[in-house]
Each structure stands twice: as C-alpha cells, then as structure tokens.
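Me: I'm new to this structure and would like to learn how to read it. Could you walk me through a few features?

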Amino acid sequence: MQRALRLSLALPIVAALAACSSTAAPGDGAASGDTITIEHAFGTTEIVGTPERVATVNWANQDIALALGVVPVGMAAQTYGDDDGDGVLPWTAEALDELGAETPALFDETDGIDFEAVAESDPDVILASYSGLTEEDYATLSEIAPTVAFPEYAWGTPWRESLAITGQALGLEDEAAAVQADIEAQIAAATEGSAFAGLSTAMVFVDPTDLSTISAYTPLDTRVQYLEDLGLTTAGSVTSLGEANEGQFFGAVSAERADTFDDVDLFVAYGDQSLLEAMQADPLLGTIPAIRSGAVALLTDGTPVAAALTPTPLSIPWALDDYVTTFDAAAQQVP
C-alpha cells in the first residue's frame, strides 16, 4: 500500500514531463540545432540539437530517461531482480505504463553489449552515464551514435550526477533538477525519525558456501552512497577499504581479519536468515559485534527489492518504504 502511494506521488511528475519526450520542444539548454558538449572518462561527446531517438545500455540509464518523460527506442534487458522474466524491472514497467508506452526494444547483454541490436534501434544518442563501458565498447557505440559514458569510474556515477548528465544530454536540465528535488523530499519524509539514523554501516556480500571472505562495497559504489542518503553513515573500515582499493567498487577482507568490521553498527547484506545464522555460527565472522547481535538488514538476493538498492530515479520511490522498515528492524539489534 505504501509503495503504491509513493509511486502515485512520483509518477505524476513523470507523466507531466511526458511532453518533454522525443516529439516535444527541447529544454532551455538545447534549442534546436545547438550543440551540447559532455565530457566523460573517454573524452568528449557532442550532441547536436535535441535527440529524438534515445537508446540506453547497461543499468539504470533507461530509468533516468523515463523519469524525464523520454521513452527509449531501445534499452538493456534486465536480469537481476527481474521477477517475471520479461527483462523489465517493475518500477520501469510502471513508468512505461504511466507514459502510455510500449516496452522498447530490449538488448540482451548476457554476453556484453549487443551492438547490432543497438544499431538496429537507430538511435540519435546512446546514454551510459551509469555503466561499465570499456573504451572499446565506447568506441564501437560511438560509431552508431554519440555516446555519453560515465564521467570518471565504471559503475561509480552517483544517481544525482547521472540524472544531471542525462538532463544535459536531452536538453532537460530543469526537469532533471525537479525530479531530483522530488526524490530528495520523499527520502526525507520516509526516513524522518528512523531508528537507524546516524548508525555506521557496511554493505557486504558473503557467500554462504564460503565464509572465508567478506566483501564490502566501497564508498565509490552507488549502493553505499544511497545508504548515506537514507541517513546511515559509512563505517571508517569501509572508507579505509575504499582507499586501499582505489577506483574499485568493492574490496575483499579475509575472515581472519573479521575485527576490521568491529566499527560497523549495522550491516546490509544480500541474503536471508540462513546467511545470518551461518555467519553467527562461524568462529570468525561470528565475533563481529553487529553480526553476533543480529544487526544485519537482509535483502533477499535476486529480488526486485535487492536490485533497487542500486538507486535510480524510479527505483528509489518504489522500494523506499521497504528499506526503512527493514533497516529499522535491524537497528533494534544494534549492540
């Protein structure tokens, strides 16, 4: 019920921006014929005029376009978190419905970017500000259409920056700012008075069949950044791990060094109760205070709620209440 309410508040903004889609007049920053220049990790991309056919690759970029009322002609099929096997995550499907649009062409990225399929969609621009493009990927895509890559690190572009870059590329900078303000207001309202505010946290992945290593996502990762948006703080151990793994979105720590994470009040992890029980029973991981006390927010791996932790302008309102409820419950177990 709460999720439906949040979407009913968020999606009218998307619907109101539908007039800004490919057949509409450009925003203030992209008068017809103007050239927009965007710098990124692989150089500079120039976009002449307002793109009418927008393609997106990798994760999140389709959601950003849709949040601005622009329906892509093609986008990457999603597999992680796709609960019905149609290649479209639930919040993306709801935005398409709200805009009265059919599902765009879906690019199968199981074995990397399907360049032929992208070319067949005949785009004017390809959006990949949040992506893991290689320089070779970028060069190949740029032969198809002007391509907007990530500004600095692969998979490291914060959702606000991706939104701003996409707004610039599409001539919809004012609309992007409005979407950002709306999302930030929703986050503030949902987290007001939360039990987890200010707690130190680590977002981790632990293989339940191999407890010899605990992998933590670094401050470069957008999931860690999103946890801070929600009011948690990044543990010092995670910050140090990021410094030791510069440019990487995660780092691995041997279970023999489990005390590295003694400064964590609350863990967020992909898994279920069986994972927590296995960690608590482990002679090394079980010594970590937060794990021993059960202060672990579990997100069932492969579900839409787990997928939504990598934030987009559409996934944030969709899963916000789930996170507040889950994190509040875990906060009750903080030692």
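This is a predicted model: local features need pLDDT of at least 70, side-chain atom pairs count only at pLDDT 80 or more; totals for chains, interfaces and linings use all residues.

Me: At what angle do helix α7 and helix α13 pack, and how far apart are their axes?

Reply: Helix α7 covers residues 173–191 and helix α13 covers residues 315–331; they pack at about 15°, and their axes are 10 Å apart. Angles under 35 degrees count as roughly parallel, and therefore α7 and α13 are roughly parallel to each other. Their crossing is right-handed.

Me: Which residues make the contact between α7 and α13?

Reply: On the α7 side, look for Ile183, Gln186, Ile187, Ala190 and Thr191. From α13 come Ile316, Pro317, Leu320, Asp321 and Val324. Sorted by class, the contact of α7 with α13 has seven nonpolar residues, two polar ones and one charged.

Me: Now for another pair. How do helix α6 and α7 pack?

Reply: Helix α6 spans residues 159–170, and its angle with α7 is about 155°, with the two axes 7 Å apart. Angles over 145 degrees count as roughly antiparallel, so α6 is roughly antiparallel to α7. The crossing of α6 and α7 is right-handed.

Me: Which residues of α6 and α7 are in that contact?

Reply: α6 contributes Trp159, Arg160, Leu163, Gly167 and Gln168, while α7 contributes Glu173, Ala176, Val179, Gln180, Ile183 and Glu184. The contact of α6 with α7 comprises five nonpolar, three polar and three charged residues.

Me: Let's zoom out. Which domains does the chain have?

Reply: The domain assignment gives domain 1 (35–190) and domain 2 (193–332). Their C-alpha centres lie 27 Å apart.

Me: How many residues of domain 1 and domain 2 are in contact?

Reply: In domain 1, 28 residues touch 29 residues of domain 2. Between them, the two domains bury about 2,300 Å², with 72% of that area on carbon and sulfur atoms.

Conventions
Residues are numbered from 1 along each chain as its sequence is written. Side-chain values use heavy atoms; hydrogens and water are left out. Axes are lines fitted to C-alpha atoms, for helices over the stretch in contact, and angles run from 0 to 180 degrees between N-to-C directions. Helices (H or I, at least four residues) and strands (E, at least two) are DSSP runs, numbered from the N terminus. Angles under 35 degrees count as roughly parallel, over 145 as roughly antiparallel, 65 to 115 as roughly perpendicular and the rest as oblique. A crossing is left-handed if the near helix is turned anticlockwise from the far one by less than a right angle, and right-handed if clockwise. Contact means heavy atoms within 4.5 Å. Ala, Val, Leu, Ile, Met, Phe, Trp, Tyr, Cys and Pro count as nonpolar, Asp, Glu, Lys and Arg as charged, and the others, Gly among them, as polar. Domain bounds come from an automatic or database domain assignment. Buried area is the accessible area (1.4 Å probe) that two parts lose on being put together, summed over both.
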